[in-house]
Amino acid sequence: MSEAPLPTAAELARANEELRYQLEEAHDLIHAIRTGAVDALAVQGTEGPRIFTLQGADQGYRTLIEQMNEGALLLSEDATVLYCNACLAGLLECDLSEVMGSAFETFVPLAFQEYWAGLLLKGWEGKSKGELPLQTRSGALVPFSVSMNVLSFNETPTLAVIVTDLSARREITAIRAQVAEQNALLDRTNAELKREEAARLAGERAAAEASRMLEGISQIAWTVSPTGANTYRNRRWYDYIGQAPGEGPGIGRAWRERLHPDDAAATLARWDESLRTGAPYEVECRLRDGAGGYRWMLGRAQPSRNEQGEIVQWIGTYTDIHEHKLALERIDQGQRELRDNNDQLTRVNVDLDNFIYTASHDLKAPISNIEGLLDALLAELPPEASQHEPVQPILALMHDSVNRFKRTIEQLTDVSKLQKEHGLPTEPVDLAAVVRNVRLDLEPLIQSSGAQLEVDVDAAPNVMFSEKNLRSVVFNLLSNALKYRAPDRVPQVRLRARPEGDAVVLEVQDNGLGLDAANKQKLFGMFQRFHDHVEGSGIGLYMVKKMVENAGGRITVKSELGQGSTFLVYFSR
Amino acid sequence: MQKLTCALLVDDDQTTNYLNQLLIKRLNITDNLLVALNGQEALELVKIHCQMATPDCPALILLDVKMPVMDGFQFLTAYNELPLPEKESIIIVMLTTSLHPQDVDRVQSLNIGGFLNKPLTKEKLNDVLKNHFNRHLPE
């Protein structure tokens with residue numbers, strides 16, 4: 001065009017007029033097409049005008065397309081916009097005429113040209129769908145979705161494209177997502193808050209319940225947080241320390257500050273351990289009261305846990321065990337003293353046993369010497385001297401004394417032998433046989449006293465004992481029953497045996513002299529004699545008791561002065 | 001009865017020795033009676049008189065158990081170690097007051113003629129003579 005001569009003003013005016021006419025014509029045509037008034041249109045192409053015909057039947061669709069809320073356009077094979085609806089022009093912020101007949105890729109941003117070309121290619125093959133931003137006249141990029149279909153107009157293929165504005169949807173989706181996220185956050189926060197609140201309420205309820213209960217109990221009670229910080233002390237505690245709640249420095253109200261110095265280290269260690277491990281706390285310690293005195297307390301605490309098993313607080317008590325503790329200490333002291341006494345008595349007993357043995361042993365030599373010397377002297381004396389007064393009775397009395405001395409020593413020797421007899425083997429002994437035997441030995445005494453002896457041992461024919469000792473026991477009891485008879489009545493002696501629980505009881509009952517209560521105590525002592533008219537050593541019952549006790553049994557006596565006595569021997573089986 | 005050549009009394013109790021001497025003398029058991037007051041003295045006498053068979057080597061030793069310086073058991077231990085030519089012709093009898101069970105075991109394990117409970121009597125002496133010397137006192 002630059003080579004052409006410059007047109008004159010008249011030519012320009014004419015051309016202008018022509019263009020305006022063409023423009024008006026185009027406007028009319030477009031209008032006609034859009035309204036369905038025209039069925040065909042001619043588009044000026046490089047190879048001359050091309051005619052596009054619209055079928056009359058399509059008029060209804062065209063109206064629909066014009067009115068719909070989506071952008072719609074038809075593209076020719078060279079991607080020229082053959083048609084577009086008002087909505088699309090509006091979306092692109094252009095006039096219809098600006099869009100129609102333009103190359104559509106002018107609206108496609110550079111970065112999406114390739115994508116667009118791909119969509120077109122696919123579209124021409126049949127169908128395609130995609131999303132891309134388009135540039136409006138103002139330069140803003142607006143997201144759209146496009147969907148393409150090949151249509152045929154008068155055997156000329158065209159590509160029908162529906163363009164949907166996505167910006168609103170995107171925005172809503174974004175907002176929704178944001179809202180959803182926000183809501184989720186809110187929900188979480190709410191749930192958390194609710195849980196915390198519930199936990200707090202539960203904790204408070206538990207604490208309140210605990211304190212209500214703890215207020216009423218007779219012990220000192222307290223609660224602390226899981227870390228050990230005090231949360232509650234009941235009235236008993238304030239009574240104990242002689243302060244009102246809140247009075248004085250806080251530190252003075254804590255039990256840890258009131259521990260006896262001797263107990264503090266161990267007690268605190270125990271408590272710290274419980275706090276660390278959750279193990280129940282139990283300790284005995286002394287706590288200082290309001291007057292500055294210390295009393296023994298039994299301290300106990302248990303953790304209380306929530307549903308998750310976490311410790312929410314510790315509930316503890318202090319129970320005053322002062323009197324109890326002191327009583328225990330007194331008992332302890334008493335027991336120690338008893339043990340000491342016992343040890344001492346055992347030592348004395350051993351000494352006594354040794355003494356008896358040594359005495360009986362060492363006295364033997366001098367007494368047999370005296371006896372020997374007496375005999376020697378007798379041999380030296382002329383018969384006229386030794387057989388007459390006063391030498392004869394003197395010698396007789398000396399012999400008597402020597403004999404008594406010897407007998408006593410014999411008995412002492414027996415006793416000392418008995419002491420060493422502990423753990424003598426026991427065997428089942430035929431009681432009836434032993435009784436028969438003893439009876440034979442005592443027959444002269446039975447005869448002379450006219451005693452009635454009744455024996456019944458069928459219920460317990462055997463006794464676990466040493467036979468020699470059993471004989472000794474039976475002999476002593478029977479001979480005592482006969483010796484200590486009442487002079488004014490016929491002696492009646494009953495010897496019976498029967499099983500009783502784990503023991504066999506041998507019972508010897510007489511109707512003799514009997515004993516008063518005071519003598520009963522001494523009856524089983526060594527060298528105890530209550531009657532001087534009867535020959536006796538005072539050692540028999542002592543020996544009996546020793547024998548029975550050495551074998552794990554015991555002996556008791558029931559007696560009434562002037563009525564008689566009953567001896568009961570319990571042989572353990 | 002044939003008398004013993006010699007007898008030895010070992011006891012720290014002078015009265016016992018006196019009475020036993022009196023008894024032995026009265027019963028004419030020996031004309032040669034030696035007395036020692038403890039095991040040590042007895043051991044010296046045995047050493048002196050029994051190295052060679054002499055009339056003063058006792059055929060019978062009556063030995064007390066409890067004595068100062070050297071008691072009966074200690075004497076026996078020392079005696080057993082003496083190299084004597086005619087030990088088997090020396091009879092030792094222990095005299096005790098009462099035998100502690102523990103002492104009974106000890107006595108029985110010793111190589112001695114026997115033991116007697118004090119006091120010594122004619123009957124007891126007669127038993128010893130019968131058992132060890134095959135002779136007895138006249139009735």
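Predicted model: local features only at pLDDT ≥ 70, side-chain atom pairs only at ≥ 80, totals over all residues.

Modeller: Let's start with strand S11 (residues 294-305) and strand S12 (residues 311-320) of chain A, which run antiparallel and are joined by nine bridges.

S11 and S12 belong to an open sheet of five strands in chain A, in the order S9-S8-S12-S11-S10, with antiparallel pairing. At the edges sit strand S9 (230-233) and strand S10 (281-288) of chain A, each of which pairs on one side only. Going from one strand to the next, the twist averages 25°.

Next, the helices. Helix H8 (residues 261-277) of chain A packs on this sheet and touches strand S8 (220-224), S10, S11 and S12 of chain A. The direction of H8 makes about 145° with that of S10(A). Then there's helix H9 (residues 322-380) of chain A, which lies across S10, S11 and S12 of chain A and runs at about 120° to S11(A).

A:Arg256 pairs with A:Asp272, and their closest N and O atoms are 3.4 Å apart. A:Arg256 is in the loop between helix H7 (235-241) and H8 of chain A, while A:Asp272 is in helix H8 of chain A, so the pair ties together parts that are 16 residues apart in sequence. Over all chains, the count of salt bridges comes to 20.

What about between the chains? Across the interface of chain A and chain B there are zero salt bridges, but two residue pairs are in polar contact there, both at pLDDT 80 or more. On the side of chain A that touches chain B, the residues divide into four nonpolar, four polar and three charged. Eleven residues of chain A are in contact with twelve of chain B. The two chains bury about 1100 Å² between them, 63% of it on carbon and sulfur atoms. In chain A, the residues that lose the most area to chain B are A:Tyr357, A:His361 and A:Asn369, together 42% of what that side buries.

For a counterpart to your sheet, look over at chain B. Five strands there form an open sheet in the order S2-S1-S3-S4-S5, and the pairing is parallel. Its edge strands are strand S2 (33-36) and strand S5 (114-117) of chain B, each pairing on one side only. Here the twist averages 20° from one strand to the next. Strand S1 (residues 7-10) and strand S3 (residues 60-64) of chain B pair over four bridges, in the parallel sense, and B:Leu8 stands opposite B:Ile61 in S3(B). Helix H3 (residues 72-80) of chain B packs on that sheet, touching S3 and strand S4 (91-96) of chain B, and its direction makes about 165° with that of S4(B).

Before you close the viewer, a few backbone spots. In the loop between S3 and H3 of chain B lies B:Val69, with a positive phi, near 65°, in a residue other than glycine. The peptide bond from B:Lys118 to B:Pro119 is cis, with omega near 0°, and B:Pro119 is in the loop between S5 and helix H5 (122-133) of chain B. Back in chain A, the bond from A:Glu389 to A:Pro390 is cis, with omega near -5°; A:Pro390 is in the loop between helix H10 (383-386) and helix H11 (391-419) of chain A.

Notes. Residues numbered from 1 in each chain as written. Chains lettered and ligands numbered in written order. Heavy atoms only, no water. Contact = heavy atoms within 4.5 Å. Buried area = accessible area lost by both parts, 1.4 Å probe. Salt bridge = Lys/Arg side-chain N within 4 Å of Asp/Glu carboxyl O. Polar contact = N/O pair within 3.5 Å; in protein donor to acceptor, adjacent residues only side chain to side chain. Nonpolar A, V, L, I, M, F, W, Y, C, P; charged D, E, K, R; others polar. Pairing = 2+ DSSP bridges. Helix = DSSP H or I, 4+ residues; strand = E, 2+ residues; numbered from the N terminus. Axes fitted to C-alpha atoms, helices over the stretch in contact; angles between N-to-C directions.
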